[in-house]
Amino acid sequence: MAARPTARRGLAVLLLAACGPTGEAPAQGPGGRPAKATAMRPDRAPPERPARTGPRTDDDPCENVRIERSEHLAGAAQQAGKAENDWDPSFEGGPATRAELSEPYFAVQDAAGRVYVADKYAHAVRRIDPDGTIHTHAGTNAPGDGPDAPTPPRSVALQRPNGLFLTPDGALFVLDLDNAKVRRVAPDGAAMETVLRADTDFGKGRGLWVRGDTIFVAAGTRLVSGRPGGPATTAWDGFVSLGNLLGEPDGALLAADRGGDRVVRLVPGEPPRPFFGGGATDATEAAPTPATEIRTDGPRSVVRLAPGLHLVAEHEGGRIFCVAAGRARPIFDRARAPYPFEHEGPPIGAMRGLARAPDGTLLLVHADVGAVHRLHLAGVPR
């Protein structure tokens, strides 16, 4: 990689200082892990959550759901809107919070606590280990179309990887967007292979979900599906611009139609059914609003917390909504300052990926500034 201009490195140092991490050697925590700095002042307690003024609704599962604190996992958040390959070899194996990410899109976590991030414009998948270090898991850090046959993942060139899906046995599926392929990394990480090709292309493909031997891809205006080695065919179409997908235990899919400002429920053989958004009502935190009457702006991700209890994260709107029993209320607005919880690291930018980790925390990827946060929740019914 060519050396970057000295002036840019100087700007990066200044921005790093403003966002939390510095150019100095990090303080060591337990086991030699770099100690994390918090954005909260030591003499300041987390701001209290504003009291709701609306009528109490004891049957509302969202009543007490809230973000308790955020943890900075990765990304130096140095440059908003970065769309270039800017991975520096010096990041490899270093603190994840100091590595530059180029518009990361989505993150998932395995049972061992390893977090995988689609580093979209750096054309690779990163892995954040439990000790806080970052490593290239797949891709060569340069755009290309690597072999389809089983090959060591770091020898397979990718082009704008976007969606990720992790199976219970640890296999990682990667939406290799500009190559119009879905690739699979074996659970032991030894080999990557192509398992599905688009019939034409995936358009502005984003979401990826795997159920059994069926792969679903949110491919722009349509949702396609296929089995490994077989063709990808259109299962539903007529969307504006799809975001991420969530599979439900009953076999349905929830699809965020970001461009259509709605989330729909998809059941095989049936037309899409409204689930959230598409209305004209401005929701407030005070009381729940019928979910399909809410005015929303760019819903991108859907997460299931418990039976009948979901979260929806907006991109442009910058809010996270709790949805239950056909009603919804916002639990976070990134435009609100200060955040009503203890926050660590850079401010939260435009939210693109939201996923639930095995430990119940949330992995939030805000791509435009290149960072990943872990959100700790409270008030989730058991």
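Arg 126 sits over the face of Trp 87, at 3.6 Å from the ring centre; a charge counts as over a ring if NZ of Lys or CZ of Arg is within 6 Å of the ring centre and within 35 degrees of the ring normal. This is a predicted model, where local features need pLDDT of at least 70, side-chain atom pairs count only at pLDDT 80 or more, and totals for chains, interfaces and linings use all residues. Residues are numbered from 1 along each chain as its sequence is written, and side-chain values use heavy atoms, with hydrogens and water left out.

On to rings paired with rings. Searching the whole structure turns up seven aromatic pairs (rings of Phe, Tyr and Trp, the last by its six-membered ring, with centres within 6.5 Å; planes under 30 degrees apart are stacked, over 60 edge-to-face, the rest tilted). One of them joins Phe 332 and Tyr 339 edge-to-face, at 5.5 Å centre to centre and 70 degrees between the planes. Tyr 339 also pairs with Phe 341, this time stacked, with 5.5 Å between centres and 20 degrees between the planes. Together, Phe 332, Tyr 339 and Phe 341 make up one aromatic cluster. Phe 332 is buried, with a relative accessible area of 3% (buried means under 20%, exposed over 50%, partly exposed in between, with a 1.4 Å probe and protein chains only). Both Tyr 339 and Phe 341 are buried too, Tyr 339 at 12%.

Elsewhere, there's a sheet to look at. Strand β12 (residues 222-226) pairs with β13 over four bridges, and Leu 223 stands opposite Trp 236 in β13.

Note on methods:
Pairing = 2+ DSSP bridges. Helix = DSSP H or I, 4+ residues; strand = E, 2+ residues; numbered from the N terminus.
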